[in-house]
Amino acid sequence: MKRQFTVLLAVLITISQPVLAQNSAKVWFDKIDGNSDAKVSKTEFLKMWSDVFTKLDSNNDKQLTLEEWTKPNNKSDSKSKAVFYNADTNSDGNLSVAEHVALRTKHFNATDADQDGSLVLKEMAGKAAKK
Ligand SMILES: [Ca+2]
Ligand SMILES: [Ca+2]
Ligand SMILES: [Ca+2]
């Protein structure tokens, strides 16, 4: 189970890389789509990110520091830092659960091209490819 999660995390990280976008979007999609109806609802999407949050929050204080945010991927590049600082709306240097949910909700809405409240694979792959 733990190993599976690591794989999922790796897939999530990879999704922002255009070369592998199509493939990894499919893998990612199938993982999140819990009831396999070929749609990812906002609930499924946020549930998945809430699991990621818990996993990243290594000291379980319900706050992600920049270090916790970047450590698992070894990604201390400026892009993931920028995402962190943007999401830290009260600028206290931590991402709270609420700030994280707000960030992912924004992502969801941006990815949901036809605004029907669920994501299909095409919408996810399209978003990843555009980057
Ligand atoms: Ca923490
Ligand atoms: Ca904050
Ligand atoms: Ca949609």
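Read along the sequence, this protein follows the pattern α-α-β-α-β-α-α-β-α-β-α, and its secondary structure comes to 7 helices and 4 strands. What we are looking at is a predicted model, so let me turn to confidence before going into the details.

The mean pLDDT of the protein is 85, with 76% of its residues at 70 or more. Confidence is lowest in helix H1, residues 2-14, where the mean is 58, and it is highest in strand S3, residues 94-96, where the mean reaches 98. Please also keep in mind residues 15-19, over which pLDDT stays under 50 and for which the model has 10 contacts beyond four places in sequence.

Now to the interior. Of the 131 residues in the protein, 15% are buried, and among contacts between residues at least 6 apart in sequence, 52% join residues at least 24 apart. As a general remark, nonpolar side chains tend to be buried together in soluble globular proteins. Which residues make up the largest nonpolar core here? There are 7 of them in all, namely Ala25, Trp28, Phe29, Val40, Phe45, Leu119 and Met124, and helix H2, residues 21-32, gives the most to this core, with 3 residues.

Next, the packing of two helices. In general, two packed helices are described by the angle between their axes and the distance between the axes. For H3 and H6, the axes come within 10 Å and cross at roughly 135 degrees. Are these helices oblique or roughly antiparallel to each other? Angles over 145 degrees would count as roughly antiparallel, and H3 and H6 are therefore oblique to each other. Their crossing is right-handed. On the H3 side the contact is made by Lys42, Phe45, Leu46, Trp49 and Phe53, and on the H6 side by Val97, His100, Val101, Arg104 and Phe108.

The C-alpha atoms of Ala98 and Lys62 are separated by 9.7 Å, although the two residues are 36 apart along the chain.

Finally, two places in the backbone. Most residues other than glycine have a negative phi. Ala38, however, in the loop between H2 and strand S1, has a positive phi, near 65 degrees. Is Ala38 buried or exposed? With 12 C-beta neighbours inside 10 Å, Ala38 counts as exposed. The other place is Asn60, in the loop between helix H3 and strand S2, residues 63-65, where phi is again positive, near 55 degrees. Asn60 is exposed as well, because 7 other C-beta atoms lie within 10 Å of its own.

How values were computed. Residues are numbered from 1 along each chain as its sequence is written. Chains are lettered from A and ligands numbered from 1 in the order in which they are written. This is a predicted model: local features need pLDDT of at least 70, side-chain atom pairs count only at pLDDT 80 or more; totals for chains, interfaces and linings use all residues. pLDDT is the predictor's confidence in each residue, from 0 to 100. Helices (H or I, at least four residues) and strands (E, at least two) are DSSP runs, numbered from the N terminus. Two residues are in contact if their C-beta atoms, placed from the backbone, lie within 7 Å. A nonpolar core is a set of buried Ala, Val, Leu, Ile, Met, Phe, Trp, Tyr and Cys residues joined through C-beta atoms within 7 Å. A residue is buried if 20 or more other C-beta atoms lie within 10 Å of its own, exposed if 12 or fewer, and partly exposed in between; C-beta atoms are placed from the backbone. Axes are lines fitted to C-alpha atoms, for helices over the stretch in contact, and angles run from 0 to 180 degrees between N-to-C directions. Angles under 35 degrees count as roughly parallel, over 145 as roughly antiparallel, 65 to 115 as roughly perpendicular and the rest as oblique. A crossing is left-handed if the near helix is turned anticlockwise from the far one by less than a right angle, and right-handed if clockwise.
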